[in-house]
Amino acid sequence: MKKLYPLLSVLFLMTNCTVPKSESMLQYEQREKLRQQQSDRNKIVYLKKQSYIDSIRVSNSTPLILTKVTTIGPSSVGGHEPGIGYEIFSEKEIKYLKFNVEFYNRVMDRVYGTFRMLKEFNLSVTGPLKKGDKDTEQLWEPIYNSDIDCMLIKSVTIEYRDGSSEDYNNHIKAVNKYQK
């Protein structure tokens, strides 16, 4: 037993030794930690969005939810493609979705299309659209003005196949409200 004691103490000392981490290893670990934190935040945002969408599905309070509103551009000639993502929750079949939109520059002044000189644009989706139908990003023809920074949806009109319609002017809520 006396012979094993020095050997065990040497092994014990060896197991407590740590190699100092290099600067690059510390930076790598810090980046990985930040990536993990961002991933966790993204999961929380996703779960909140999903919870919100599920509450709409259950309550059947809204016929449509907008999941994405964006402009893609500018192109080489100054065109911006408006894009809108949506999911349908209505029990009734939809014939047309009509979006009335305006475009704004970086300081939130309304801008006009340079070809047609319009300040408002009507974008539409032709159905039939049924409950559960969705589009991650419906794109339309470009609006030309190199100053466009964002798009505002002023109203949404839903025309149903039974001839009825619903207008939403001040009831537009964005899912992105849950981001931070």
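**View 1. Strand S3 is mostly covered.** Buried means under 20% relative accessible area, exposed over 50%, and partly exposed in between, with a 1.4 Å probe and protein chains only. Strands are DSSP runs of E with at least two residues, helices are runs of H or I with at least four, and both are numbered from the N terminus. The model is predicted: local features need pLDDT of at least 70, side-chain atom pairs count only at pLDDT 80 or more, and totals for chains, interfaces and linings use all residues. Residues are numbered from 1 along each chain as its sequence is written, and side-chain values use heavy atoms, with hydrogens and water left out.

**View 2. Strand S3 pairs with S5 and S8.** Two strands pair if DSSP finds at least two bridges between them. S5 covers residues 121–129 and runs antiparallel to S3, joined by 7 bridges. Ile94 faces Leu129 of S5. S8 also pairs with S3 in the antiparallel sense, over 10 bridges. Here Val101 stands opposite Ile153 of S8.

**View 3. The hairpin of S3 and S4.** S4 consists of residues 110–111 and pairs with S3 in the antiparallel sense, over 2 bridges. Phe103 has Val111 in S4 as its bridge partner. Between the strands lie 5 residues. Met108 takes a positive phi near 65° in this hairpin.

**View 4. The hairpin of S8 and S9.** S8 holds residues 150–160, and S9 holds residues 165–168. The two strands run antiparallel and are joined by 4 bridges. Ile158 stands opposite Glu166 in S9. The hairpin has 4 residues between its strands. Gly163 takes a positive phi near 100° there.

**View 5. The whole protein, for context.** The secondary structure comprises 2 helices and 9 strands. From the N terminus on, the order is α-α-β-β-β-β-β-β-β-β-β. Of the 180 residues, 26% count as buried. Contact means heavy atoms within 4.5 Å. Among contacts with a separation of 6 or more, 69% come from residues 24 or more positions apart. The accessible surface comes to about 12800 Å², and 54% of this surface belongs to carbon and sulfur atoms. Accessible areas come from the Shrake-Rupley method with a 1.4 Å probe; for residues, only the protein chains shown count as cover.
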